[in-house]
Amino acid sequence: ASINYLTTNQLQEQAMNDMAAKYLAPENCVSLNAPAVNNPIWGNIRPGIRNPEVKMQKILKLLASGIAAFARSVDGKDMSEEQQGALALFCNAQFEINCFKKSV
C-alpha cells in the first residue's frame, strides 16, 4: 500500500491490533511503552477525560509498535543517515506526545 493511502485510510481494527502485537517494544526500551494511568486515579477520571486518554494510549501504542518494527528492520550498527533521521523523528514524536500528555 502507498504512503498516501495509508495516511488517509484507517487500518482495520484487527489488522492494526495484529501488527501492534507483532512488534512489541523490546524489554530494554521501557520508555517506548505508553505510560499507564494509576488504577485508583483511572477510576476517578470523568468519561469526558477518560475517552481522549484511551485514544492517546492507542496512538502511543501504535507509534511504539511502528518504532519497534522500524528498529528491527535496520541494522543498528550500519544505519544510513536517512534511517537514523527517520528513527530520531519517530522517537521524538513519541517524546512530544508524552510531554503533551503530561501538560494537559
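Visitor: In which helix does glutamine 57 have its place?
Guide: The model is a predicted one, in which local features need pLDDT of at least 70 and side-chain atom pairs count only at pLDDT 80 or more, while totals for chains, interfaces and linings use all residues. Residues are numbered from 1 along each chain as its sequence is written, and side-chain values use heavy atoms, with hydrogens and water left out. Helices (H or I, at least four residues) and strands (E, at least two) are DSSP runs counted from the N terminus. On that numbering, the place of glutamine 57 is in helix 4.

Visitor: Which residues does glutamine 57 touch, not counting those up to four places away in sequence?
Guide: Asparagine 33 is 24 residues from glutamine 57 along the chain, and their C-alpha atoms are separated by 9.4 Å. A contact requires heavy atoms within 4.5 Å. With residues up to four places away set aside, glutamine 57 touches Ala34, Pro35, Ala36, Val37 and Lys101.

Visitor: What pattern does the protein follow when read along the sequence?
Guide: The C-alpha trace spans about 50 × 30 × 20 Å along its principal axes. The protein has five helices and zero strands. Read along the sequence, the pattern is therefore α-α-α-α-α.

Visitor: What percentage of the contacts with a separation of 6 or more is accounted for by residues 24 or more positions apart?
Guide: The count concerns contacts in the protein with a separation of 6 or more. Of these, the share accounted for by residues 24 or more positions apart is 68%.

Visitor: Is glutamate 53 buried or exposed?
Guide: Glutamate 53 lies in helix 4 and, beyond its neighbours within four places in sequence, is in contact with Val37, Trp42 and Lys101. Buried means under 20% relative accessible area, exposed over 50%, and partly exposed in between (1.4 Å probe, protein chains only). Buried residues make up 20% of the 104 residues in the protein. Because its relative accessible area is 17%, glutamate 53 is buried.

Visitor: With which residues is alanine 25 in contact, leaving aside its neighbours within four places in sequence?
Guide: Alanine 25 lies in the loop between helix 2 and helix 3 (39–43), and its relative accessibility of 18% counts as buried. Glutamine 57 is 32 residues from alanine 25 in sequence and 14 Å from it in space, C-alpha to C-alpha. Leaving aside neighbours within four places, alanine 25 is in contact with Leu32, Asn33 and Ala68.

Visitor: Why does the pair of phenylalanine 70 and phenylalanine 90 receive its geometric class?
Guide: Rings of Phe, Tyr and Trp (its six-membered ring) pair if their centres lie within 6.5 Å; planes under 30 degrees apart count as stacked, over 60 as edge-to-face and the rest as tilted. By this rule the count comes to one aromatic pair. Phenylalanine 70 in helix 4 and phenylalanine 90 in helix 5 are 20 residues apart, so the pair links distant parts of the chain. Their ring centres are 5.8 Å apart and their planes stand at 75°, so the pair is edge-to-face.

Visitor: Over the ring of which residue does the charged end of arginine 50 sit?
Guide: A charge sits over a ring if NZ of Lys or CZ of Arg is within 6 Å of the ring centre and within 35 degrees of the ring normal. The charged end of arginine 50 lies 5.5 Å from the centre of the ring in question, which belongs to tryptophan 42.

Visitor: Which helix gives the most to the lining of the largest pocket?
Guide: On a 1 Å grid over the protein atoms alone, a pocket is an open set of points where a 1.4 Å probe fits, with protein on both sides within 12 Å along at least five of seven lines; lining residues have an atom within 4 Å of a point. The largest pocket is lined by 20 residues, of which Leu6, Thr7, Leu11, Leu62 and Gly66 lie nearest its centre. Helix 1 (3–8), helix 2 (13–22) and helix 4 each supply at least two lining residues. With nine residues, the most comes from helix 4.

Visitor: What volume of space lies in the largest pocket?
Guide: Grid points are joined across faces, edges and corners, and a volume is the space filled by probe spheres set on the points. For the largest pocket, this space is about 800 Å³.
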